[in-house]
Amino acid sequence: MFHCVFNIELFFSICVWAITPEERGKHDKQFDSLTPVLGYVSGEQARKFFLQSGLPPSVLAEIWNLADMDSDGKMDRLEFSIAMKLIKLKLQGRNLPSSLPVIMKQSPVSNSASTIPSSARFGMGSMPNLSVGLSSMSAMSAMPILTPIPVNPHMHSVQPLVPMPMTLPLITSLGNSGLPNGNVNLLTSPLVPNNAALPLSGFSSPMTFSPSTGMSKANSLLDLGSSSSNSSSTTSLASNSPKTGASDWAVPQASRLKYRQQFNTLDKLMSGYLSGPQVRNALIASNLTHTQLATIWNLADVDKDGQLQGDEFILAMHLVDMAKTGRPLPLTLPQDLVPPSLSVSLPLFHSSLFLFFLVSFEDKLKENFARGSAELEKRRLALEELQRKERERREKEEREAHERREREAREQENRRRLEEERRLERQREMERQREEERMRELERKEVKSHIRYRGNRGWFPQSYAEKYPTPSTTETSSVPLLARAVSSWSGTSETHLSLSSGGDVINVLQQREEWWLGQLNGTQGWFPKGCRICGTDLHTCTLSSTEYVALYTYESPEVGDLTFVEGDVVMVTEREGEWWRGCIGDQTGVFPSNYVRPVEPEVSQVVFISLKARGKKRQRGWFHSSHVKLLGPSSSKSSPSPLPVCQVIAMYDYTAANRDELSFSKGQLISILDKTNPDWWKGDANGVIGLLPTNYVKMTTESDPSQQWCADLMTLDTMTPQERKRQGYIHELIQTEETYVEDLELVLEVFHKPMSESGRLTEAEMGVIFVNWRELIMCNTKLLKALRVRKKTGGENMPVQLIGDLLASELAHMQPYIRFCSCQLNAAALLQSKTHNQPDFKDFLKVRIATNYRCKGMPLSSFLLKPMQRITRYPLLIKNILEHTPDGHADRSPLREALERAEELCSQVNEGVREKENSDRLEWIQSHVQCEGPIEHLVFNSLTNCLGPRKLLHSGRLYKTKSSRELWAFLFNDFLLLTHSAKPFSSSGPDRLFSLKANIQLKMYKTPLFLNEVLVKMPPDPSSDEPLFHVSHIDRVYTLKTETLNERTTWVQKIKGASEHFIETEKKKREKAYQARSLKSSGIGRLLVTVTEAQELKACKPNGKSNPYCELTMGAQCYTSRPVSDTLNPKWNFNCQFFIKDLYQDVLCITVFEKDQFSPDDFLGRTEVPVATIKKEMESKGAANRRLLLHEVPTGEVWVKLDLQLYEPTK
C-alpha cells in the first residue's frame, strides 16, 4: 500500500506538468489574439503579453529559454502553450524545472476515466481542467492533494468505499496546491444522488463536486482488500425497517448519558448536530485506524447528511467502544443499533469522513500555515491598534503639555507685565515725591524772594532776585513773553498753574531751568516748561504755517502712529501723500492728512478783562483772544443749541436762584451742552436750558462720561462701582458697534453705488478698492443684531449679564477681515493714484462728501481705514469689560475666550498683511530684476528648497568698498542677491524700491550667495566710523559698506540670523536621518543595497539634462546619495545598509529627485521592493543586480544590487 502511495505521488509529479485540452484551447485563443504571422508570434509580442503576469523579467527570460525548444527567437502554438503553462505553475509557487519535462512536449491527454484507468486504482478520480487566465493565476485557491492511507493489514473483509459529493472544511484557508489544473472533481457513485452532499460548517454557500462522467460501477475509488463485500455494498439493510423504541436500542443507557453529555459539550453553537471537524478530534482520540474510523462514520451517519445528530454521535462512540474492545465492526448497521429517532432508509456508504481523513501531511501543513498567518495578521492588527492608541495618547499628552506650557508662559508674561507696571508705578510715585519735595523747596525760596506774593513783607538776599516788570492793565506791551499749552497738566499744590490742552495762552512772568512762572485767566503759578511749544511777544503770536487742527479723533494701535482727539493742534513736519508726519508736544508719528486742516492765519492777542464767575469773587486777568468772539451791536445773546456733550443724572433736588439757572429734581436726566466752567455747566432738561451746579449731578457712567446706558438713578445706586463700570464698557461696545455698522453701510450708499453706476472705475478696480466690503457688513450686522437681542432680552435700560459668549461666537466668523486688511495697501495705492491722475474723479468724490452731511467731511480713504481700526479695538473693549468683571461672574470665562479670539484675529490680520506685503515685494523683484545664468528661471514668490515659502528679510543700498559702486541688495531667507542699476535712483520718490511707479531695471551683480555657505564678519576695529562689513562665500570675500553704522548693524544681524537658521534647519534634517540609521536595532537581519546607476531619467533643466540624486528609505531609516550634475544616466555606486525588523512588512523605497537650489527638489520617479520578494528571489538566484522601473514618470530605471542577510535565531 505504501508503494501505492509512492506511485500516486510520482503520478502527481508527472501530471502536474501535463497540459490539458481545456488549457490548450485557452492558450490557442490567447495565441490567436496576438495576431501571429505565419503561425508564429515574435519575441516582442510575447514579451509584452508575458509581462502582464507580474513575474520579474529574469523569470520570464528563464521560461522563454525552456519553452523556445528550437531557439529560433519566436514561438509557435505548442511553445506558447508550454510557456503559458510554466507561467501558471510559477505563479502557483512551483519552481521551474531545469529542463523541459517530456510530458509537456506531448499532445494534451483526455480527462475521461477510460483514458486514465489508473485513476480509480490510485484514488484520484478525474481532474477536468479549469481555465485560468493570467490575470487570475495568482489568486487561485489551493486544493490539497488527497493521499490514500495504507490499508490495515488485519482487516480482511471491508466493503469498498464509494466516493460521495462533499465539501472540504477549511478549504478557503489553504494555499496553492500542487494540482496541475483547476479544481478537482471527486468521483461519485451513480447509486448516490448528487444532492446528498451538504456543506460543512464554515461555508456560506454549498461547495459540491460534480461527478465524473464515464465512471463505471466497477471502477471503485479504493479497493480495501475485501472479497466478499461487493454484493452487500449495493443493498440497503434498513430501508424498510420499522421504528423501534428507545428500550430496543442496543446502546446501553450509561453510554447514552455519557456520550449525550459529550455531544452537548462539543455542540457549542447548540445547533443539534456536529460537523466533521467537530467530531474529528473525538474520534481520533480513540487511536483507531483511519479505516475503522471511516467505517464507524459510515455506519453512524444513518441519514447520510455528512453530520451527526445526538443519537448518531452516541452510536458512533458506541461503535468506537466496540472496536476498542476487539469486537468486529458490522458491515451494515444492525436493526438494534439504528437510533429510534431515525427511521429513514440508509444509503450504503458515505465517504465524507473517509475523504476527510485522507488528507496528506502537506494539506495539514498548509492548513496550519494559513491558520498561523491569520493569527499573525490578527496579532499584527491588534499591535497596530495598540500602537495607534499609544501614539494618539502621546500626541494628546504632548498637546496638553504644549497648551500647559503656553498657558504658563502667558501667565508668567502677565505676572511680569504686572510687576513691571507696579515697578513703574513705584518709580513714578518716587519721582512725584521728589518733584513735590523740590517744588516745596522752590516754594520756600519763593516765599523768601517774592515777599509781596502773599501780602507779607520781609528781607531777602539780593542775589536771589532780579527786576521783574509788572504787566499793565491798559497796555499789553509790558508782557515780555507768551506761551501756548500743548498738553494738559494738573498742579499738585496751590502754587502750581493747571493747564488744559487745546491752545491755552499763558502770560510768562519768569523762566527757570525746568519751571516757568505764568499767569492764566488771572491766576498765577508755576508750570513745567515742557507743556508749552512756542514763545512770542505780547502783541502778536502768528502761528506757524506747519500747524494744523484735528478735525476728527484718530486712534491707532500701530507703533509709530500719532493719535489725537478732535481740536488738537498738530505740528506737521513732513507731508508726503495721504500720510503726514507731525508732533504734539513730545509725541511724534504719522497720521492721515485728511484728519486735519490748516490753522486759519489770524493774529492772536492777549486781552485783559474782568470776569465774575458764578459762586466766586470777581477775577481779573489776561486770556488769549482766540478763546472769545466779540459781539456786534445787533448780536443776540441766544444762539442755536449746541449738540450735547454728555448726559448726567441729578443727585439732589435743586431750585434755581437766578433766572439763568436750571431747576431739576433728583434722578432727572440732563443733557450737558457746555462744560467750560468747572463749577457751573450749561444743560438742557426737557427743553429748558440753563446753568446747573456740577456738585449736584453725577455722570451716568463713571468710567466713560461720553456714554450713558441707564437713566434710572435708583438702579445705578443698587450697583457696585465695579458693575457700573462694566455696564458702561458694555454700552460703549454696543454703541460703537452701531456707529461702525452705520459707517460701513454709508460707504455702500455714498461711495460704492455712485462710483459703480458712473462707470468711472472698472469692475476689477472696484474690487481692488472695496475688496469684500459686503462680507464685512454681514459679519458685523450679525454681531450687532445679537448684541441688540441680548440687550432687549434683559431690558432696555437694565444691565447686561452675559456678553462674552456672543463675542466669542461671532468673532470666530470674522475671517473676511483677514482678506480685506491684507489688500488694504493696494486699495489705498489705487485710490491715491486715481485721485492724483484723474481730476474729475477727485472732484466726483468731493461732491459726494460735500452733499452728504453724514460723511462729516471725511474722504473715502478715511472710511477704508475703519475696518482695520475696528478689528484692533475689539481686544481693548473686551479687556476693559473683563477687568471689571468679578472672578466668580458667569461671564468671566466666556470673556476670556472672546479676548483670546479677538487677539488671535488681530494676529491673523497682521500676519496676512505681512504676507501680502512680502508677496507684493517678491512680485516687484520678479518684474524689476533681470535674472541670468543659473537663476534665469527663478521664481521669487515660491517655495524654497527646505525653508518653506520664500521671504524677503531685508533690502537696501550697499556700496563696494574699493570702487564705491552702488549695489542694491535683497536678503531672502535662503540666499543674498546683489544687483546693480544702469542709472542711479534714490530710496525715495516715484523710483524708489518697491514703488509701483518705478520703471527701473536691476541686473544681477553676482551669483546668489546661499546663506548656508555664507559667513558675515565685522571689521577688525568695530569702533571705527567706517560702516564696513565682510561677507565670505566659499573662497571669496565681499567687502561692503553701508550709509550709516546703524544700517551696518542691521545688515550684519539679519544676514547672521538667516544664515544660522538655514544651517540649523539642514543640521536637524541630517541628525534626524543619522539617528534613524544609527539606532541599534534588534531586528532579524540586514539588507545591503548598492545603487549603481540610473538610465533614461526625465529631463528637468532647459538644456535637456538633470542633476539627479536618489533617496533610499525603509521606515524611518533614510540614506541620500550625492547629486550628479547635467546627466540623464547618473552613475552613483552608492552603498548603504538597512536593518530588517519584519520580513513581511518592511519595504525598500527608492526615489529619484532633481536637485534644485532655489525650489523644492523635482520628482523623477519612485520604485518599491518588499523585503519578502527580495528573500524569495535570493533563495533561487542569490545576490544579483536588478533592474527596477521607476513609476509615476514616463521614463527611467534604476540598477541596484540587493543582498539580504538574516541573523541566526538565538537559542
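The protein exposes about 66200 Å², of which carbon and sulfur atoms supply 52%; accessible areas come from the Shrake-Rupley method with a 1.4 Å probe, and for residues only the protein chains shown count as cover. This is a predicted model, in which local features need pLDDT of at least 70 and side-chain atom pairs count only at pLDDT 80 or more, while totals for chains, interfaces and linings use all residues. Residues are numbered from 1 along each chain as its sequence is written, and side-chain values use heavy atoms, with hydrogens and water left out.

Of the 1211 residues, 43% count as buried (under 20% relative accessible area, with exposed over 50% and partly exposed in between, for a 1.4 Å probe and protein chains only). The protein has 25 helices and 38 strands, taken as DSSP runs (H or I, at least four residues, for helices; E, at least two, for strands) and numbered from the N terminus.

Select strand 7 (residues 515-520) next: 6 of its 6 residues are buried, so strand 7 is largely enclosed by the rest of the structure. Trp515, Leu517 and Gln519 point one way from the strand, and Trp516, Gly518 and Leu520 point the other way. In the hairpin of strands 7 and 8, with 2 residues between the strands, Asn521 takes a positive phi near 55°.

Now display the aromatic side chains, where the count comes to 22 aromatic pairs (rings of Phe, Tyr and Trp, the last by its six-membered ring, with centres within 6.5 Å; planes under 30 degrees apart are stacked, over 60 edge-to-face and the rest tilted). The rings of Tyr548 and Trp580 have centres 5.2 Å apart and planes at 70°, so this pair is edge-to-face. Tyr548 belongs to strand 10 (residues 547-550) and Trp580 to strand 12 (residues 579-584), 32 residues apart, and both residues are buried. Tyr654 and Tyr696 form another edge-to-face pair, 5.1 Å centre to centre with 70° between the planes. Tyr654 is buried, at a relative accessible area of 13%, whereas Tyr696 is partly exposed, at 28%.

Methods
Two strands pair if DSSP finds at least two bridges between them.
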